[in-house]
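Visitor: Please give me a close look at a single part of this model. I would like one connected account of how that part is put together and which side chains meet there.

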Amino acid sequence: ISTFEGLVDANGGISARTAAVQDLTSGRVVLAGSGGELEDNGNLTFDGTTLASTINIGVGAGITLQRHGGVSIAGITTIGDNLGVNGNLTANRFILDSTVPKIIFTDSTDDSDYEIVVNSGKYSIKDTTNNAERFRISSNGIVDIYSRLDANDGLDVTGGTTLNGNVDLGDASSDTITPTGRFDADILPAS
C-alpha cells in the first residue's frame, strides 16, 4: 500500500481495478462535480434495484419525472398498450384518431356496457351487452333512436311529422288535446 499525504497529479490517467473515495456515501449515485471531482448527492440514490430521486428529473427536452411520482410530458405521447388512469383525466381536447374511433364503457358492477363509435360518417351508441345499437346520428343529420324515447319534460317538434303505428295521446280522461290546425282526414272512432 502506498500512502500520499498531498495531491497526486496523474496527467497520463489512472488505471485501477477498484477505487474507494472516502467522502462518498453508500447508495448515492456518483457524479462529477466542479473541477471534475467525484461527489454524490442525497437527492439521487440507487439501492441495487431502484433508482430514486427526491427532486424533479428532466429526461430530454420535453419530459420531467416529478419527485411525487408524476410525469410531465410536453408534446405528443404514444401509448402502445393499455393506459390505466385511476384519477381524473383532464384535457382541453381529447382526440381519437382511427379508421373506427371508439370509446368503450365497461360497468364492472352492473349491465349494460356501452361503446361510442364513429364509423363511415355515423356516430352511434351501442349496448354491447345486448349487441344492440341504441342511438345513431348519420352524416346527413338524421337521428335514429332504436327504442322508445321518453321525453319527460315535453317534446317540441317543428316541421312535418310522420307517426307510424299506434299513437296514444294523453294518459287520463282529464287530459286535453288541442289541435291548432285542421285534420286532413276523417277521425274514426274505435269500433
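Guide: Strands here are DSSP runs of E of at least two residues, and helices are runs of H or I of at least four, numbered from the N terminus. This is a predicted model, in which local features need pLDDT of at least 70 and side-chain atom pairs count only at pLDDT 80 or more, while totals for chains, interfaces and linings use all residues. Residues are numbered from 1 along each chain as its sequence is written, and side-chain values use heavy atoms, with hydrogens and water left out.

F94 is exposed, with a relative accessible area of 57% (exposed is over 50%, buried under 20%, partly exposed in between, with a 1.4 Å probe and protein chains only). F94 also belongs to a nonpolar surface patch that includes I103, F105 and Y114, and the patch as a whole has about 860 Å² of accessible area. Patch members have over 30% relative accessible area and no salt bridge; nonpolar side chains are joined within 5 Å, like charges within 9 Å. A salt bridge puts a Lys or Arg side-chain nitrogen within 4 Å of an Asp or Glu carboxyl oxygen, and the areas come from the Shrake-Rupley method with a 1.4 Å probe.

Between β7 and β8 (114–119) lies the loop with S112. The S112 side chain makes a polar contact of 3.2 Å with that of D127, and another of 3.2 Å with that of N130. Such a contact is a pair of N or O atoms within 3.5 Å, one able to donate a hydrogen and the other to accept it.

β8 and β9 are joined by 6 bridges, N119 pairing with K122 in β9. In their hairpin, with 2 residues between the strands, S120 has a positive phi near 50°.

S124 sits in β9 (residues 122–127) and is buried, at 11%; its side chain contacts that of E133 at 3.5 Å. β9 and β10 share 5 bridges, Y123 pairing with I137. Their hairpin has 4 residues between the strands, with N131 at a positive phi of about 50°. Finally, 3 bridges join β10 (residues 132–137) to β11, where D144 is the partner of R136.

How values were computed
Two strands pair if DSSP finds at least two bridges between them.
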